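Dear colleague,

Please find below the structure that I am handing over to you.

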Amino acid sequence: MEKISLNFNWEFTSSKTNKKSIVNLPHSGLDIPVTHFNLHDLEFIQTYVKELDFNAEDLEKHLEVLFEGAAHNTDVYLNDELIFNNLGGYNRFVVLIKPKLGKNILKVVVDSHENKNIPPFGGVVDYVGYAGLYREVYLIKKPINNINNIKVSYDNILANNLINVEFMANVTNKDFELIILDKNQEVVYKTNSKVITNLTKIEVELPSKNLWSIDNPYLYDLNIKFEGATYKTYFGLRDIKFKSDGFYLNGKLIKLIGLNRHQSYPYVGYAMPKGAQIEDANLLKELGVNIVRTAHYPQSKNFIEHCDKIGLLVFTEIPGWQHIGDTSWQDMSVLNVERMIERDYNNPSVIIWGVRINESNDNHDFYLKTNKKAKSLDPNRPTGGVRNMVNSELLEDVYTFNDFIHEGNNIGLQKKSTVTKKKNPYLVTEHNGHMFPTKAYDNEIKRLSHALRHLRVIDAAKMPNNKISGAIGWVFADYQTHAEFGSGDMICHHGVLDIYRNKKLASYSYMAEGSKDDILYVGSNMHIGEYPRSDLEKVYVFTNLDYIKLYKNNEYIKTFYPNKDEFKNLNHPPIVIDDFIGDLIHKNEGLTIKDANRAKKILRAVQKYGTRLPLRYNLMILYLFKKYKMTMDEGVSLFYKYLSNWGTKQSDYKIEGYKDTKLVKTVVKSIYKKYDYMLEATNNNLVIADTYDVTRVVFKKVDQNGEIATYSFDPIAIEVENLELIGPKLQTLNSGIIAFWVKTTKKGLGTIRVKVANKEYETKVYVDEVNN
């Protein structure tokens, strides 16, 4: 079987301009502003035309065109004859073609209007559908006698090594060879047999097995040779079970902690190739989560396949958001269940099928059909249906629920028994999000609150014996949305990353708890002017280290340990710095240790109450003044010296992080003394293969300690050579940092240059090219 890229050099015409241009796929149809755009600008007709050349040998083959996704109503023409129509923007579809000898014209007309007859549309949707032939397209060449739909399944893989392989053939009484290879491409199983009926099923006993898991995502390749062609897929062996007490992977109870993801990007909507999809999966893994929900539609196959490779579990679901349409709309949703399962059946990362329209009302007959369809196609995986109401009808295997109970000062999650009386497994599929939208440039107090809200829900989810399988937060990154949502700028600022995939403070709630790397992130810039009354009362340090040491102006203050009192269920609770004085008053002012502690209490009380001190503190003041013959001015100076810093030089702080008594990381916080800028491509080696490649480029303003200058919005100018910039050449920093994407145009060395404040910064990427 040949899979040939059709992603380069399409003639493109938009109904908006009627101007012709040459484009490569994925393609968005138009450039989309990041904020304040007109949604109706995304609704238009796009026409893509490509010339295909076929020889006599080709005409003796089975030929089809594979479309990974097009938004949202697609007509496919061959030589001006309409041969296929596809409804839906999130499904893969295959078009059988019968070309003539020589040159043929393939034309694809994509209508991006929000058609009320196509899920998810019909109501108001909290995301944008975008436009274009936004995923890849391939020409598939097979022999006339061919096979398809290879599936690998197994039962009780923990107890045996038996797997079942099945496939469809369009001819019988033909021989085939089945080969299974391990991750080192060593043959572990090989057999020859014969196709007897159109549906072939064969039981295979592997000589040994390696289980696929989060920490060891072991994959096997499977090849079937049939009638002169080789058909390839891969699979992983893992046992998944949702039980009433939680989720089990390979027999081990684990808490699912994750984030939802939208597949959209600045300026291009959904139209991003494999490189960007891979980076998103890697970023999620870097955040330390173990599951992602593809909200609210199936997402790029490139994304799912990389989740397989890195050990990131996936909850995937059909397109929809609250609205349920008429009978034909519902029938299309049932078809979407089939398309979703057929595409992702062999992906071991996928552990649950979402067969309900997100946050929709109960609809017995409709959801009876979606569940029945899912079970007929895949009886081994559980189904879920995301709702936001308690005690709704449960037709799925897992009660999946969006729990937004947490408001910062109350319980993190509702009890399972409050949400559902069923004994079925239970999973929280959204939390936080719209309850506390937080922009990257919000003040520190709000950004910290955002982080702590996520952390409190994670803590609640991890409570032992709570019968909650886990909690998936809303959301991975900020995303564009309809005007009815968001912050008036058409962005939902719900992400733990911003829309450019740069980390907000809340991202460290996940990293500290789940990352395998050493994490030490101080949740404050330690500047008193950030806080009312200059009251830097507490600083949260997000870390997975054992303890930290605090130094102020190079003087040791105190050692701090994880806050297990506030966060009882976390593996790595944050460390709270709540003492910025330590023994300094004793050391510097000649007070006894006991009296120095009294003085610290007084200073904290003055910061809290001002001049209206409770009686006990006034008595302490009188005692200390009398004992040490202090004047009022001397007492006030202690406050400014050790706590307020008003009228004194800004203090410098050093935080050292220790693991197993060894110093592993250090963070320095001090007043800004000098600035510089940093430019970095997240991938410096790009490859033009099935289509163009991209890399995200990060540009940030940092102080002398490498800390981002949070409130900088400097204008920058971007130039590229031998590359193409995605987005405008003139941009601004977004809270001290910006990211943008560049895409490949040709093989060789590419240059990225950023000009700012009469300075110029440059980085290079190397672009290779491989044959399809």
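In which helix does Asn336 lie? Asn336 belongs to helix 3 (residues 327-344), where helices are DSSP runs of H or I with at least four residues, strands are runs of E with at least two, and both are numbered from the N terminus.

Please note that this is a predicted model, in which local features need pLDDT of at least 70 and side-chain atom pairs count only at pLDDT 80 or more, while totals for chains, interfaces and linings use all residues. Residues are numbered from 1 along each chain as its sequence is written, and side-chain values use heavy atoms, with hydrogens and water left out.

Asn336 counts as buried because its relative accessibility is 6%; buried means under 20% relative accessible area, exposed over 50%, and partly exposed in between (1.4 Å probe, protein chains only). Leaving aside residues up to four places away in sequence, Asn336 touches Asn91, Pro119, Ile318 and Pro319, contact being heavy atoms within 4.5 Å.

Helix 6 (residues 444-461) has 18 residues, and at 1.5 Å a residue it should span 26 Å, which agrees with the 26 Å between its end C-alpha atoms. The expected span is 1.5 Å times one less than the number of residues. At the start of helix 6, a side-chain oxygen of Asn443 comes to within 3.0 Å of the backbone nitrogen of Ile445.

Strand 33 (residues 547-552) is likewise mostly covered, with 5 of its 6 residues buried. Strand 33 pairs in the antiparallel sense with strand 36 (residues 653-659) over 6 bridges, and with strand 34 (residues 555-560) over 5 bridges; two strands pair if DSSP finds at least two bridges between them. Lys552 has Tyr653 as its bridge partner in strand 36 and Glu555 as its bridge partner in strand 34. The hairpin of strand 33 and strand 34 has 2 residues between the strands, and Asn553 takes a positive phi near 50° there.

There is also an open sheet of 3 strands, in the order 11-12-15, with antiparallel pairing. Its edge strands are strand 11 (147-153) and strand 15 (199-205), each of which pairs on one side only. Strand 11 is joined to strand 12 (residues 162-169) by 5 bridges, and the two run antiparallel. Val152 stands opposite Val165 in strand 12.

Yours sincerely

Definitions and conventions
Polar contact = N/O pair within 3.5 Å; in protein donor to acceptor, adjacent residues only side chain to side chain.
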